[in-house]
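The sequence and structure are shown first.

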Amino acid sequence: MFGVNSTVADIPVPTPVARDADRRLRSGLALASGDRRAAPAICPNGVAHWAFGEGLRPGETVALLVRDLAQAEAMRLGLARIGVRVVALDGSRRGEALADSLALTGATLVIVDTALADAYAGVMGRLASYPSVWWNGPGADFASLDLALAEQG
C-alpha cells in the first residue's frame, strides 16, 4: 500500500508488454468467445454519412440487433448525429418476443449482426411489414454495413 510517506522509488514500475497487432481492432463478444476474426472499429462519422446517403432523416427510427456494445454505441452516435432515433433490441429474445419488440419500435431500418441472423430469421412471418435490413459483420453477401463503411474510405 502506498501512502503519504511513500517515495517514487517505492512505486512499482509495470513491465512493458508486447503490443498486440490486433489491439487497434475492436474487441467484444467475438473475441471474448474465442473468435479471433475481429472487424475494424466502426467510426460514428462514417455511420452518419452512410445513413444520410441511405436516405435516413431526422425523426426516423433504426433498430440495432448488435452484440458488440462498442459497435452499437458507435452506430448510435453516428445515427444520432443526423437526428435518427436508435432502439437497441435484445439479442437473447427469439421468435414472437423479438418480433413484438421490433414492431413496437416502428423502425424503418434494422442493423443485424450476422451472428444473430438466426434470431432475426425467427421474426419472419410475424410482422405486418418489415424494415430494411443491413447486416453487420463477416459473412454478409449483400447489404453489408462493413463493406458500405469501407467504401467511404
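## Pairing in the sheet

Two strands are taken to pair if DSSP finds at least two bridges between them. In this predicted model, strand β1, which spans residues 61-65, pairs with β2 in the parallel sense over four bridges.

The open sheet is formed by four strands in the order β2-β1-β3-β4, and the pairing is parallel. Its edge strands, each pairing on one side only, are β2 (85-88) and β4 (132-136). On average, and with direction ignored, neighbouring strands of this sheet are turned by 20° against each other.

## Helices on the sheet

Helix α3, covering residues 69-81, packs on the sheet and touches β1, β2, β3 (109-113) and β4, while its direction makes about 175° with that of β1. Helix α6 (residues 145-152) also packs on the sheet, where it touches β3 and β4; the direction of α6 makes about 75° with that of β4.

## The chain as a whole

The secondary structure comes to six helices and four strands, which follow one another along the sequence in the pattern α-α-β-α-β-α-β-α-β-α.

Of the 153 residues in the chain, 36% are buried, and the accessible surface comes to about 9,300 Å², with 57% of it belonging to carbon and sulfur atoms. Among contacts in the chain with a separation of 6 or more, 61% are accounted for by residues 24 or more positions apart.

Technical notes. Residues numbered from 1 in each chain as written. Predicted model: local features only at pLDDT ≥ 70, side-chain atom pairs only at ≥ 80, totals over all residues. Heavy atoms only, no water. Helix = DSSP H or I, 4+ residues; strand = E, 2+ residues; numbered from the N terminus. Buried < 20%, exposed > 50% of the residue type's maximum accessible area, 1.4 Å probe, protein only. Contact = heavy atoms within 4.5 Å. Areas by Shrake-Rupley, 256 points an atom, 1.4 Å probe, with all protein chains shown as cover. Axes fitted to C-alpha atoms, helices over the stretch in contact; angles between N-to-C directions.
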